[in-house]
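Colleague: I should like to learn how to read several features of a structural model. May we take them in turn?

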Amino acid sequence: MSLQKLITKEQRDSFIKKFDNFLFDCDGVLWEGNHLIPGVGEAMQALRQQGKNIYFVTNNSTKSRTSFLNKFKGFGIQAEMHEVFSSAFATAAYLKHVVKFPEHKKVYVIGMAGIREELRAEGIKTCGADEDNGLEFDHKVEDDPEVGAVVIGLDTDVNYAKYAKAFTYLKKNPGCHFILTNGDTTFPTHGCIVPGKYKSNEYADWKAAYAILTGAGSIAAPIIKALNREPDVILGKPAQNMLQTIFAEYNLDPAKTCMIGDRLDTDIDFGLQGGIETLCVLTGVTSEEELLSESNAIRPTYYIGSFAEFAL
């Protein structure tokens, strides 16, 4: 199937009519950092009014599902707990139900509040994360045999002491699990506030105002290199665990389901591996030039400048 750009209202209406279920990435699709992408709120409301099923599938491990719900509420976007699937939640569920993580063990976290909150919600003990923010390395790491897993996600306060602890536990503790919440090497962040009223060419101004920063995959790279060991599992997109959970829980028809995202190597590949159609938006990481490049092997079914165009 050839790649189709949705340009006209007729094309956009036909796209919406074709699917019953929409899986949304969040960062770069709905918002950038703490700024809602202009016009997206109206587009999401229009989708709800047509009775479509909406799920949010995000690799952002910095927030728990409860925190995500608060963020949606702050932006005026309707969302329910059962609709939110995050890499932090997937990590907690994996340790609880797949690994069957022992109650007497604990998880050392290089990451932020979302991971710890989701792990604690599953009754799993944690250490590290914000407890070790600003910690100076004194050339010694105390043994802690209770650490049975190391989880790495995005951590904007990562430091050498955290790396030293993670390395030591993975090296010394027999059977210590090595888990990466997601493999995103970068993520987009916005540097200014954009007016809230969407115009047809506004997403270009929006894209010009954000920067790309290092993601969870890059945070984990020093540990992977030092240990010469790949993570036991990477739980975010494009891994299929979240998609399989959504399909099983809600009995969705893959033929009537579309994945919407801004990253080719995570969001779009996630949908392609799951056998569903995909829509790439250009408000995040992927540029039109990159998308259409002959060297790009990951091709969505459709693409559009911004999801906000569905409100026009």
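Modeller: We shall discuss confidence, the sheet and the aromatic rings.

Modeller: This is a predicted model, in which local features need pLDDT of at least 70 and side-chain atom pairs count only at pLDDT 80 or more, while totals for chains, interfaces and linings use all residues. Residues are numbered from 1 along each chain as its sequence is written, and side-chain values use heavy atoms, with hydrogens and water left out.

Colleague: What pLDDT does the chain average?

Modeller: pLDDT is the predictor's confidence in each residue, from 0 to 100. Here the chain averages 90, and 91% of the residues score at least 70. Over residues 191-203, however, the pLDDT is below 50; the stretch still has 27 contacts (heavy atoms within 4.5 Å) beyond near neighbours in sequence. Where pLDDT is low, the predicted coordinates should not be read in detail.

Colleague: In what order do the strands form the sheet?

Modeller: Strands (E, at least two residues) and helices (H or I, at least four) are DSSP runs, numbered from the N terminus. Two strands pair if DSSP finds at least two bridges between them. In this model seven strands form an open, parallel sheet in the order E1-E16-E15-E14-E2-E5-E6. Strands E1 (4-5) and E6 (84-86) each have a single partner strand, so one side of each lacks a neighbour in the sheet. Helix H4 (residues 87-98) packs on the sheet, touching E5 (53-58) and E6, and its direction makes about 75° with that of E6; axes are lines fitted to C-alpha atoms, for helices over the stretch in contact, with angles from 0 to 180 degrees between N-to-C directions.

Colleague: How many aromatic pairs are there?

Modeller: Rings of Phe, Tyr and Trp (its six-membered ring) pair if their centres lie within 6.5 Å; planes under 30 degrees apart count as stacked, over 60 as edge-to-face and the rest as tilted. The count comes to 16 aromatic pairs. The rings of Phe 15 and Phe 22 are tilted, because their planes stand at 55°, with centres 6.0 Å apart. Phe 24 and Phe 307 are edge-to-face, at 4.9 Å centre to centre and 90° between the planes. Phe 24 lies in strand E2 (residues 21-24) and Phe 307 in the segment after strand E16 (302-304), so this pair ties together parts 283 residues apart in sequence.

Colleague: Is Phe 24 buried or exposed?

Modeller: Buried means under 20% relative accessible area, exposed over 50%, and partly exposed in between (1.4 Å probe, protein chains only). Phe 24 is buried, at 0%, and Phe 307 is buried, also at 0%.
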